[in-house]
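Please look over the sequence and the model displayed here before reading the report.

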Amino acid sequence: YCAMAMITALLITSLLIFSVPFPGNALSLNYYDETCPGAEAIITKTVKEAMTSDKTAPAALLRMHFHDCFIRGCDASILLSSVGKNTAEKDGPPNVSLHAFYVIHDAKKQVEALCPGVVSCADILALAARDSVALSGGPTWDVPKGRKDGRISKASETVQMPAPTFNLSQLQQSFSQRGLSMDDLVALSGGHTLGFAHCSSFRNRIHFFNTTHDIDPSLHPSFAASLKSICPIKNKVKNAGTTMDPSSTTFDNTYYKLILQQKSLFSSDQALLTSPKTKDLVSKFASSQEAFSKAFVKSMIKMSSITGGQEVRKDCNVVN
């Protein structure tokens with residue numbers, strides 16, 4: 001009985017994290033079973049098609065979902081266009097390099113044709129992020145559904161996004177404000193196994209690092225040299241940068257191996273070695289793809305369950 005009571009108490013506590021700020025927004029695995037059973041297949045097909053012409057689409061969609069959830073919850077506020085005097089989230093500094101919005105809009109158009117006004121843009125984005133991971137060789141999972149779309153999107157709020165220059169305590173604070181733990185932080189950082197980084201995200205580590213060092217001493221010297229050649233001080237190349245890891249279109253645990261080799265791109269990646277707990281997790285995920293996949297799925301479900309919207313948008317760009 002004691003064990004049962006404890007489990008019940010734990011379940012109630014974990015539910016409270018998400019249900020207190022957003023009452024009445026419980027998610028469920030079979031949310032569209034009756035109202036739009038074909039939705040998931042359409043979304044998967046759309047992501048798959050996008051990948052054939054754009055290998056960077058999965059990384060973009062995963063990042064888009066993350067950036068959406070961190071501001072006002074997973075409410076597709078990242079998809080809204082700037083209108084009049086209001087600059088929307090997508091035009092805020094951390095989001096100007098986001099792309100592949102067309103994938104969500106294509107999926108939405110097809111889903112609307114099948115079941116009008118039923119499936120939220122927020123759910124489409126959460127499912128597309130899952131498909132991006134699965135179709136890149138990573139794990140798959142059942143996505144809880146029933147998110148609503150938000151009506152507010154402000155570029156000014158994107159300052160709340162965790163930055164690539166953050167140290168561990170800044171990262172921890174950013175994640176804990178959203179009900180996410182240190183375990184979630186290390187697991188979700190593994191999303192950096194996919195994609196590309198612009199020079200601006202890691203420039204701080206290779207030029208004028210501090211008063212004593214030009215280069216961050218925690219960077220492997222040969223790796224630092226190669227980054228400096230890609231991103232010189234007076235960089236003239238538009239969109240210069242490098243892939244997040246050598247297998248940047250495959251969802252694997254290379255990211256963690258690179259951190260241990262001092263070859264991670266961001267200060268926020270290297271920061272995961274600065275506490276015994278996070279360092280242990282990095283080592284665990286570096287040595288076991290399976291352990292990483294399991295932890296990533298758990299943390300993705302947790303993060304994507306931070307809800308916050310009010311409606312089901314007809315068009316993902318604009319409020320109803």
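Predicted model: local features only at pLDDT ≥ 70, side-chain atom pairs only at ≥ 80, totals over all residues.

Residues are numbered from 1 along each chain as its sequence is written, and side-chain values use heavy atoms, with hydrogens and water left out.

**Overall fold**

The protein has 13 helices and two strands, where helices (H or I, at least four residues) and strands (E, at least two) are DSSP runs numbered from the N terminus. Its radius of gyration is 20 Å, which agrees with the value near 20 Å that a compact globule of 320 residues would have; the radius is taken over C-alpha atoms, and the globule rule is 2.2 Å times the number of residues to the power 0.38. Along the principal axes, the C-alpha atoms fill a box of roughly 60 × 55 × 35 Å. Of the 320 residues, 51% count as buried, meaning under 20% relative accessible area, as against exposed at over 50% and partly exposed in between (1.4 Å probe, protein chains only). Among contacts (heavy atoms within 4.5 Å) between residues at least 6 apart in sequence, 76% join residues at least 24 apart.

**Disulfides**

A search of the whole structure finds four disulfides, each defined as a pair of cysteine sulfur atoms within 2.5 Å. With the bonded cysteines numbered in sequence order, the pairing is 1-4, 2-3, 5-8, 6-7.

| Pair | S-S distance | Angle about the S-S bond | Hand |
|---|---|---|---|
| Cys36 and Cys115 | 1.8 Å | 45 degrees | right-handed |
| Cys69 and Cys74 | 2.1 Å | 120 degrees | right-handed |
| Cys121 and Cys316 | 2.1 Å | -100 degrees | left-handed |

Cys121 lies in helix 5 and Cys316 in the segment after helix 13 (289-303), so this pair ties together parts that are 195 residues apart in sequence. Cys121 counts as buried at 0% relative accessibility, and Cys316 is buried with a relative accessible area of 1%. Both Cys36 and Cys115 are buried, and Cys69 and Cys74 are buried as well.

**A buried arginine**

Arg205 lies in helix 8 (residues 203-206) and, because its relative accessibility is 0%, counts as buried. Leaving aside neighbours within four places in sequence, Arg205 is in contact with residues including Asp214, Asp216, Ser264, Phe266 and Gln270.
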